[in-house]
Number of protein chains: 2
Amino acid sequence: MSGRKTIQIALEPLFDPKSIAVIGATNSWNKWGFSTFASILSSFRGPVYPVNHSESEVLGHKAYARVTDIPAHQPVDLAVFVVPPSGVLSTMADCVEKGVRAGVIITAGFAETGEEGRKLQDQVLDIARRGPLRFIGPNCMGFWSASSNLRAFMFPLPVRPGPIAFVTQGGNVGGAVTQMAYHRGLGFHRYISCGCTADIQIEDYIEHFGRDPEVKVVLAYIEGLNDGQRFIEKVKRVSREKPVIALKPGRTEAGSKAISSHSGALAGSSDLYDSAFRKAGVIRVNTAEALIDVAIGFLNQPLPKGNNLAIITPGGSYGVISADACAALGLNVIKLSHETVAEFDKIFPPRWSRGNPVDPAGDRNFIAYMQAPEMLLKLPEVDALVFMGFDSFSNFSSVFVQISETLSDALWTLIKELAQIVPEEESQDLEFQVDWMTKLIGRIVQVFFSFFGTSDPSEVAAFGQRQIGFLKNEKIAPVLARKLQDVFRLFRGGNVENIGVLFGQVFQPLLECLVLYWIERYQKPVITTSFVGQAPVLSDLGHYAYPFSEQAALVLSKLVEYRRYLNRELGENPHAPS
Amino acid sequence: MSGRKTIQIALEPLFDPKSIAVIGATNSWNKWGFSTFASILSSFRGPVYPVNHSESEVLGHKAYARVTDIPAHQPVDLAVFVVPPSGVLSTMADCVEKGVRAGVIITAGFAETGEEGRKLQDQVLDIARRGPLRFIGPNCMGFWSASSNLRAFMFPLPVRPGPIAFVTQGGNVGGAVTQMAYHRGLGFHRYISCGCTADIQIEDYIEHFGRDPEVKVVLAYIEGLNDGQRFIEKVKRVSREKPVIALKPGRTEAGSKAISSHSGALAGSSDLYDSAFRKAGVIRVNTAEALIDVAIGFLNQPLPKGNNLAIITPGGSYGVISADACAALGLNVIKLSHETVAEFDKIFPPRWSRGNPVDPAGDRNFIAYMQAPEMLLKLPEVDALVFMGFDSFSNFSSVFVQISETLSDALWTLIKELAQIVPEEESQDLEFQVDWMTKLIGRIVQVFFSFFGTSDPSEVAAFGQRQIGFLKNEKIAPVLARKLQDVFRLFRGGNVENIGVLFGQVFQPLLECLVLYWIERYQKPVITTSFVGQAPVLSDLGHYAYPFSEQAALVLSKLVEYRRYLNRELGENPHAPS
């Protein structure tokens, strides 16, 4: 396909430049030209040329009055513009003359300010096309490209590499979303604040992301589109292969008005966008946080066959809240069959909920609780599972040791014993690793349940045996081994304040592996939630427990929505998106 | 009023017991009787008696086979029941015989399990009434009372003292809400997991909270009420004096079904509850997090006169999102008058939004940004303000120093200079404190703006002068002084990894004081939001920046709702609730 070639090649000097000129770079701390230049220097490793009329040297780099003054044997791939709007036209002409092929115009004061600004913008575009020089902006915050480690931002936003690509029509929302992702340990392959989209359109970026195998999930913040039909055509091809999730504000008059003064975009009716997104296969969300929540879901969960859901909760009321949240979003909290109820009757006390949500009502036999997920996942009528109170087990120990010295002492003794099992050296020998982890897990399971739950030894042994199934998984075992060795390194280093917290850190990855194992074995989503109300960090194992039921419900509903879209477009058995 | 006397006196032995018996206390780690007993011991300072058939001593305390075996000269005020349901009837009879006046029945397996359980519950109630012994539960997680430092929970939930009272029909939701509050630095005067409410009803607790001057905000999680009319009558009297905020699930069929199997309550139609809450003046929310968000708003903000709102944002797109969120909840994002636009034209660059949300569109003159709030608050047509990007200023420095050694060095020099101004010793002398803080702030403002914004010295000096107005406030100044001294103690201790972060810690409380000063001066809510997407800790100064616009909008809409309720009930100029 020539189309495929075109967009990937056209944007190559943008995302993988060999050299960069920063027009407006300055030593003055209180100007964006300082922070933009410093931000680029802090990451990018190729040559960077400051361009400035009146400074001969910027942060130790020789400066040039014009881009055309940079010697001919030093070509420039990308130009970053941080000059006042009046200076963009002439410097753009210089760039075209120099043969620069890509640009990002951070400068504001173009189409978003009215007719005059739009004219200026059109003139800049005309000149750039003579290159052609393809550019981001104007009126944007810049961009990040993981493949060239380039933070071409107007200030040094923290961002890490990862599988997400994100284009935003608002630098402000973009900054918030990337910061949120950063704190949650989530990374981006590309992040673009696209501003007024004079040249490259939102759908062009999405097309580019669609063809990049490094990108697994596409995010977008869209205030308004220049050409809805073009968007639908281009994005439709992408959404068949990977999920495209968009935040589109302007549901209210106040929001629409704010859009027109911000990006100068025509907000359009919210219904119109709903319809365009449906045609393009775009999944719409309503908040910045939902972009991240849903992205995490798509990265770590398989798509469910349908909307039939089971919920398991360690307590009744959160089951109620969860059922409400799921049903309100069109998920079907299924009625359990008599057979299933009878199965649970065998393992739970008589006071259990005897329905869905499955709630053992404070049963202290946690083994039963940990058996329940597989009993539900194996049912053909269950398409997905919400597993609540995921943090409870690891929190339990940290909270409990505070109230009892005997318990705390016992836990110290246990951890010392466990430290004998965990080798200090790392190893590539999978069999060796599985061997010590099997011993470790057997012992932990045994002690945990005698501390905090049932103490029936045969029940515990059988449970331990069942749960080490995931150790045979070649993807999970090495990561788990490294994780456990890290925790015990901490212990050996003597920096342990609360032994209960440390025990939680040992226990937590085991639980995470269990969830990953369930997902892989049954190929159904298992969404976990915690009760602490704080967004956690995505674990190395790719596990994330959502702090609120409402988030779990939203994520599941979007997985279902996307699966249905694929079924409609590609038939019932689509090639599973990677 | 005799009614007033009755409920306060009736619940005194519950919330302020002099001695406690724990029926079912045990040394077995894997039973709730262990963790309940240990939880009580970890906090309560009066005598605690374990009651157990078969153990002669529990965690070092002499145990009694029956409550009636506790010697007569050792009276018991409160009994905590953690025995199987079959054991509650006889032990309750013992308690009545012993003269115990209050109880909490943690044991589950009563009305929530069906007809047989309900009968047992009725029998227990009959016996208790002979005392009378007033009790919480059955089927609950216990309670917290700050006045007696009593954590009578089935496991040691972390909770701190504070101005909130909370009654929950779900221990699970209660635990999540209290944990969330704990992480955010928010405390409770009372927290009650009320279970099946056999004896004391939800409205009784709320009546009690209403009459307790320590309680400023009342929270409730309600699955179903036994007597709606009684609830309305009792709660109506409370909501006239302090806000009562309730989470009521059961909006969907799945949620209602889950309620009946959990608490055995009749969920009732959601509309019916809406109408009852409206009559009782109860503010309804739909999520657990909203309970906390809204409570923080009521604790720290005055009530707005109406729903007319101004928004100020450092970037356009988050202004769009915020306007959408506010308008969707019935808040009026006002149109600015020509006069106001002209005022802002004087201080902002031409590209500013020229409307509400007020967005200076990336202007680096932060002085103008910090002037804007007062320009809006002084307008009679503005009832409340949303101030966005509150964290940006203090984050800015920490992010900036990473990219420039020169900047980092300059900041070290500055902090050393500032440390000369801040005295090491604490002082009660307000004048002395105001004196050094004036010097400190003057210097910080000067340097901050030359680093990160405008460097016009006269503009900066005038700004510094204007902003130290809050130092004259006798409530704010001593807290600020302590806070600043803490930060510099950290610096002197040499434990500073990132000088930018430290500078942010100096800058942050200054900004918080500024917001408090605006609130006090204009008596209008000023809700701040951050862009990091993480719930922060409530500051000592009583400031809280919400991570998301949607939260700010919700809180403001609830403040407006409550003000309107008070206006309807008490006339246009109600005595402001404390």
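## A helix enclosed in chain B

In helix H14 of chain B, the buried residues are Phe366(B), Ile367(B), Ala368(B), Tyr369(B), Met370(B), Ala372(B), Pro373(B), Glu374(B), Met375(B), Leu376(B) and Leu377(B). Buried here means under 20% relative accessible area, exposed means over 50%, and partly exposed lies in between (1.4 Å probe, protein chains only). Helices (H or I, at least four residues) and strands (E, at least two) are DSSP runs, numbered from the N terminus. Because 11 of the 12 residues of H14(B) are buried, this helix is largely enclosed by the rest of the structure.

This is a predicted model: local features need pLDDT of at least 70, side-chain atom pairs count only at pLDDT 80 or more, and totals for chains, interfaces and linings use all residues. Residues are numbered from 1 along each chain as its sequence is written, chains are lettered from A and ligands numbered from 1 in the order in which they are written, and side-chain values use heavy atoms, with hydrogens and water left out.

Glu374(B) sits in helix H14 (residues 366–377) of chain B. Its relative accessible area is 16%, so Glu374(B) counts as buried. Contact means heavy atoms within 4.5 Å. With neighbours within four places in sequence left aside, Glu374(B) is in contact with Trp518(B), Arg521(B) and Tyr522(B).

One of these contacts is charged. Glu374(B) forms a salt bridge with Arg521(B), and the closest N and O atoms are 3.4 Å apart. Arg521(B) lies in helix H20 (residues 499–522) of chain B and Glu374(B) in H14, so the pair ties together parts that are 147 residues apart in sequence. A salt bridge is a side-chain nitrogen of Lys or Arg within 4 Å of a carboxyl oxygen of Asp or Glu.

Side chains of opposite charge can pair when their charged atoms come close. In chain A, Asp274(A) forms a salt bridge with Arg284(A), with 3.1 Å between the closest N and O atoms. This pair links distant parts of the chain: Asp274(A) is in helix H10 (residues 270–280), Arg284(A) is in strand S14 (residues 282–285), and they are 10 residues apart. Asp274(A) is partly exposed at 29% relative accessible area. Arg284(A) is buried at 11%.

In chain B, the side chains of Asp199(B) and Arg134(B) meet in a salt bridge (3.0 Å, N to O). Asp199(B) lies in the loop between strand S11 (188–193) and helix H7 (202–210), and Arg134(B) lies in strand S7 (residues 134–136), so the pair ties together parts that are 65 residues apart in sequence. Asp199(B) is buried, with a relative accessible area of 8%. Arg134(B) counts as partly exposed, at 24% relative accessibility.

## Helix H11 of chain B

Helix H11 (residues 288–300) of chain B has 13 residues. From first C-alpha to last, H11(B) reaches 19 Å, close to the 18 Å expected at 1.5 Å a residue. The expected span is 1.5 Å times one less than the number of residues in the helix. Since 11 of the 13 residues of H11(B) are buried, the helix is largely enclosed by the rest of the structure. Among the buried residues are Glu289(B), Ile292(B), Asp293(B) and Phe298(B).

## Ile499 of chain A

Ile499(A) lies in helix H20 (residues 499–522) of chain A. Ile499(A) is buried, with a relative accessible area of 3%. Leaving aside neighbours within four places in sequence, the contacts of Ile499(A) include Val401(A), Leu411(A), Trp412(A) and Phe491(A). The C-alpha atoms of Ile499(A) and Ile200(A) are separated by 55 Å, and these residues are 299 apart along the chain.

## How the two chains meet

Chain A can be laid on chain B by a turn of 180° and a shift of 0.0 Å along the axis, with an RMSD of 0.0 Å. That is the relation of a two-fold axis. The copies are superposed by least squares on the C-alpha atoms of residues with pLDDT of at least 70 in both. Of the residues of chain A, Gln534(A) comes closest to the rotation axis, at 3.6 Å (C-alpha).

The contact takes 84 residues from chain A and 84 residues from chain B. Because 100% of the interface residues of chain A are also interface residues in chain B, the copies meet through the same surface. The count between the chains is 0 salt bridges. The largest share of the side of chain A that touches chain B, 10 residues, comes from H12(A).
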